[in-house]
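This briefing is intended to be read alongside the sequence and the three-dimensional model. Please keep both in view while working through the points.

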Amino acid sequence: MTASDQHVGFEDSEDALVGGARPFVIGRAADVLRDRTFRTIYLGAFASNIGSWMQNAVLMGYAFTLTRSATFVGVIVACQLVPSLFLSVIGGWIADVVDRRGLLIAVSLEQLAFSMGLAAITRANDPPRAGIVVLVLAVGIGQAIYAPAYSAMLPSL
């Protein structure tokens, strides 16, 4: 059995380093992609992050084009980022008390729904500014809950 055939969890890694009960074999970065679960989560997160980055970049330009107001752009940025500042601790607590997989799926679907709502209202000639703000805030709240749950799940892979 080779090192890449063994499934080593976080606890196993700690035991190997502390107790010496199991040899700790350093692998290559590509070795983790052989694990189906990790590969699925990694590639999904990769694609999702690219989409989020594109949405954020386009949204800033759209907000400025729509209003010609740097203040409105700042409000949009705040709606995206401020929830992470205040709600990440709550998101971490939620991740500790519920099924993380289910939480990640639910929050991803929430972000998808609000992003689709954002896409729908921006198709109007004169979209409601308050609607844009509320939908961006909802996506930001979802990210504030998603990020700690995702980070807490990674070591168990």
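The points below concern the overall fold, the nonpolar cores, the aromatic residues, the surface patch and the salt bridges.

The structure is a predicted model. The protein contains five helices and zero strands, and its pattern along the sequence reads α-α-α-α-α. Of its 157 residues, 25% count as buried.

**Overall fold**

- The accessible surface of the protein amounts to about 10,200 Å², and carbon and sulfur atoms contribute 66% of this surface.
- Among contacts in the protein with a separation of 6 or more, 65% are between residues 24 or more positions apart.

**Nonpolar cores**

- The largest nonpolar core comprises 12 residues, including Leu59, Met60, Ala63, Phe72, Val73, Ile76 and Leu118. Two or more residues of this core come from each of α2, α3 (70-97) and α5 (129-153).
- Another core, of 10 residues, lies apart from the largest one, and includes Ala45, Ala95, Leu104 and Met153.
- Alanine 63, one of the residues of the largest core, touches Arg68, Phe72, Val73 and Ile76 when residues up to four places away in sequence are not counted.

**Aromatic residues**

- Tyrosine 42 and phenylalanine 46 form a stacked pair, because their ring centres are 6.4 Å apart and their planes are at 20°. These two residues are four apart in helix α2, so about one helical turn separates them.
- Tyrosine 42 has a relative accessible area of 38% and is therefore partly exposed; phenylalanine 46, at 46% relative accessibility, also counts as partly exposed.
- Tyrosine 146 and tyrosine 150 are likewise stacked, because their ring centres are 5.7 Å apart and their planes are at 15°. They are four residues apart in helix α5, so about one helical turn lies between them.
- Are tyrosine 146 and tyrosine 150 buried or exposed? Both residues are buried.
- One aromatic cluster is formed by Phe38, Tyr42 and Phe46.

**Nonpolar surface patch**

- Val32, Leu33, Tyr42, Leu43, Phe46, Ile50, Trp53 and Met54 make up a nonpolar patch on the surface. Together, these residues have about 780 Å² of accessible area.
- Leucine 33, one of the patch residues, is located in the loop between α1 (10-18) and α2 (36-67). Its relative accessibility is 35%, so leucine 33 counts as partly exposed.
- Tyr42 and Phe46 belong to the patch and also to the aromatic cluster.

**Salt bridges**

- Side chains of opposite charge can pair when their charged atoms come close.
- The count of salt bridges in the model is four.
- Which residues are linked in a network of salt bridges? The network links Arg28, Asp31 and Arg34.
- Arginine 34 forms a salt bridge with aspartate 31, with the closest N and O atoms 2.4 Å apart.
- Arginine 28 has a relative accessible area of 53% and is therefore exposed, whereas aspartate 31, at 24%, is partly exposed.
- Aspartate 96 and arginine 100 also meet in a salt bridge through their side chains, at 3.1 Å, N to O.
- Aspartate 96 counts as exposed, at 56% relative accessibility, while arginine 100 is partly exposed, with a relative accessible area of 26%.

Terms used
Residues numbered from 1 in each chain as written. Predicted model: local features only at pLDDT ≥ 70, side-chain atom pairs only at ≥ 80, totals over all residues. Heavy atoms only, no water. Patch = residues over 30% accessible without salt bridge, like charges linked within 9 Å, V, L, I, M, F, W, Y side chains within 5 Å. Areas by Shrake-Rupley, 256 points an atom, 1.4 Å probe, with all protein chains shown as cover. Buried < 20%, exposed > 50% of the residue type's maximum accessible area, 1.4 Å probe, protein only. Contact = heavy atoms within 4.5 Å. Core = buried A, V, L, I, M, F, W, Y, C linked by side-chain atoms within 4.5 Å. Phe/Tyr/Trp six-rings, centres within 6.5 Å; stacked < 30°, edge-to-face > 60°.
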